[in-house]
Amino acid sequence: MLAEIKNINFSYEEGHSILHDISFPIDKGQIITILGPNGVGKTTLLNCIANLITPTAGEIMLEGRALNKMSPKEIAMKIAFVPQLIVPSFSYEVLSYVVTGCAPRIGTFEKPKKFHYDIARSALEQMGITHISHKYYTHISGGERQLASIARALAQRPRIILMDEPTAHLDYGNQIKVLKVIKNIAEDGFSAVITTHNPDHALLLGGKVAALNQNGQFVFGKTEGVISKEFLSMLYDTDLHLYHISDINRDVCIVPTI
Amino acid sequence: MKKSTYALTILLLFALLFGAALTGICIGRLSTNPMDVLNAIKSKLGIPVDVDEAMEIVVFSIRIPRVLASIIIGAMLSLSGAVYQGVFRNPLVSPDILGVSSGASVGAAGAIMLGMGIAGRQAFAFIGGIAAVIIATAIPKLLKNHSNLMLVLSGIIVGGFLSSLLAVMKFVAEEQTELTTIVFWQMGSFSNINLKEIFAIGPAFFLGTVLLIGLSWRINILSFGEIEAKTLGMDVKKFRGIIIACASLLTAAAVSISGTVGWVGLVIPHLARLIVGSDHIKMIPVTVLLGAIFMCIIDTIARALMTVEIPLSILTGIIGAPCYALLLYWQKANIS
């Protein structure tokens, strides 16, 4: 086990708790998809694991050490975070952006050297976007930006990559491309924890599901074990169907009609 | 931009700076013959030449200090502007817009009223500048609005208040002594500058510039925002604090000897970004050099254009404001 979330609670203000007694393990090379309707705290949970916020109770263990006892630098060497698409105020070349992933391993007054640029280049190669290395970040498409952000996470050489809605704001083709990338990096041994609004993405990715529902209940387990017609309909408070399509040999979540 | 192109750019800027400085030393009321100036410099270096003694005094006690001061102050103001823009992820801010210049002015004027010298003036200017930037950044936090516009508005509020405070101080200052000093200092002129004052701001210039060039790559990371910087393992509060303190130190040192000189800190960083891109590793050295060149040229114009000296802020505004508009037009695709 790489990391363990142990009985964490989180509330932004006294008495109004968002996360309640959440526990689950993160294993090596595993994909965990966090599902749930708007406002249940998917991003909050992800932010807790990224140590951006501290749980009000419980703790998160990373390779046997408590996360809140580790320095930001130590955490950044193990956990990378891919935030939702942002538009930066200044435009950097994609390569300069990706090389910042090496930051935890570069001294305070040092600047990235050839060695670090080589790491960044190979991350870009892994994402198949070498051709945009010298383009400006503000001049590339949303899909390319997401891939560049994942490349930066890879350049960080972490154990776990957290992604906050990596498919949001992307067209359908790019959504699938990003899902493929997530699956590939998990096969390379990285663990990935992602949030998504599309239960079908969880089915496509396989792995495990961490679901938060409106009433603060939490379910964790193997995707095929957890996801059922009843479960999804209850989770999203909508009539949803789950069909097995034998042509493609997988379950598909669909809406019967609106 | 390729490494070789960048090296060439830096070399070219150094050459330009050297040229601007030499021109600045040669131009003035006494003589505009570069040979006379050259002879004066030669004689100082121990080479026996025919030299006008008055020229030697003019060159060494008036012009060289003045050119040096303009170079240092241009560099300091531009660098602090570039750093504020990077750290606050906001291409619209500058030492003036954030109210730092006004805060430093209030501090420096206070020091003058207390009869302090250049060291005290610098220290008080630093305290005033830091206080201003803390308040200017606290207002958006209190209002929980982190837009670029909010920070600019907040800076305008702080700057406006502090300018009025400065006016009050002038109102109560003793007319014969304090007020005259404050008014002359605040107009932003290099005409009374001496080597002692330049030595006094030397440490602030050196410390601030060296630290900020050292941290330039970290400014890239901070400019992505707090979340990304933190998940990249940076102690955001510490770095941001150090970097803002350095920038405010530079602004305060500049303000303490030359008053408020507007526009430089806003315009020059944009020009630098247009030339070498936003990467602070490249952009910060270019900003420093461009600021030095710009100020040196402006100061030369200020004393050469008319028989009466034109206050610097007037020239930086007349040249800087239209330049800023032009720069914004050119780079509209690269900022948001």
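# Two predicted chains and their contact

There are 14 helices and zero strands in chain B. Helices (H or I, at least four residues) and strands (E, at least two) are DSSP runs, numbered from the N terminus. This is a predicted model, in which local features need pLDDT of at least 70 and side-chain atom pairs count only at pLDDT 80 or more, while totals for chains, interfaces and linings use all residues. Residues are numbered from 1 along each chain as its sequence is written, and chains are lettered from A and ligands numbered from 1 in the order in which they are written.

## The two chains

Read from the N terminus, the elements of chain B run α-α-α-α-α-α-α-α-α-α-α-α-α-α. Chain A has nine helices and twelve strands. The table sets out values for each chain. A residue is buried if 20 or more other C-beta atoms lie within 10 Å of its own, exposed if 12 or fewer, and partly exposed in between, with C-beta atoms placed from the backbone.

| Chain | Residues | Buried residues |
|---|---|---|
| Chain A | 258 residues | 43% |
| Chain B | 336 residues | 50% |

Along the principal axes, the C-alpha trace of chain A spans about 55 × 45 × 35 Å, and the C-alpha atoms of chain B fill a box of roughly 65 × 55 × 35 Å. The radius of gyration is taken over C-alpha atoms, and the globule rule is 2.2 Å times the number of residues to the power 0.38. For the 258 residues of chain A, a compact globule would have a radius of gyration near 18 Å; chain A has 19 Å, which agrees. For the 336 residues of chain B, the value for a compact globule would be near 20 Å, and chain B has 20 Å, which also agrees.

Two residues are in contact if their C-beta atoms, placed from the backbone, lie within 7 Å. Of the contacts in chain A with a separation of 6 or more, 65% are between residues 24 or more positions apart. In chain B, 76% of the contacts between residues at least 6 apart in sequence join residues at least 24 apart.

## Contact between the chains

The contact takes 27 residues from chain A and 26 residues from chain B. On the side of chain A that touches chain B, the elements giving two or more residues are helix H2 (72–76) and strand E6 (79–82) of chain A. H2(A) gives the most, with four residues. By residue class, this side of chain A divides into 19 nonpolar, five polar and three charged. Here Ala, Val, Leu, Ile, Met, Phe, Trp, Tyr, Cys and Pro count as nonpolar, Asp, Glu, Lys and Arg as charged, and the others, Gly among them, as polar.

## Nonpolar core

A nonpolar core is a set of buried Ala, Val, Leu, Ile, Met, Phe, Trp, Tyr and Cys residues joined through C-beta atoms within 7 Å. The largest has 174 residues, and those with the most contacts inside it are A:Val98, A:Ala151 and A:Leu162. Helix H3 (residues 53–87) of chain B supplies the largest share of this core, 18 residues. The core also draws at least three residues from each of domain 1 (1–78 + 158–227) and domain 2 (90–157) of chain A. Not counting residues up to four places away in sequence, A:Val98 touches A:Ala120, A:Ala123, A:Leu124, A:Ala148, A:Ala151, A:Arg152 and A:Ala155.

## Domains of chain A

The bounds of domain 1 and domain 2 come from an automatic or database domain assignment. The C-alpha centres of the two domains of chain A lie 24 Å apart. In chain A, 13 residues of domain 1 are in contact with twelve residues of domain 2. H2 and helix H6 (172–187) of chain A are the elements that give two or more residues to the domain 1 side. The largest share of that side, five residues, comes from H6(A). Its residues divide into nine nonpolar, two polar and two charged.

## A sheet in chain A

An open sheet of four strands in chain A has the order E2-E1-E4-E5, with antiparallel pairing. Two strands pair if DSSP finds at least two bridges between them. The edge strands, each pairing on one side only, are strand E2 (16–26) and strand E5 (65–66) of chain A.

Strand E1 (residues 3–13) of chain A is joined to E2(A) by seven bridges, and the two run antiparallel. A:Glu13 has A:His16 in E2(A) as its bridge partner, and A:Ser11 stands opposite A:Ser17 in E2(A). E1(A) and E2(A) form a hairpin with two residues between them, and A:Gly15 in the turn has a positive phi of about 85 degrees. Five bridges join E1(A) to strand E4 (residues 57–62) of chain A, again antiparallel. In that pairing, A:Asn9 stands opposite A:Ala57 in E4(A).
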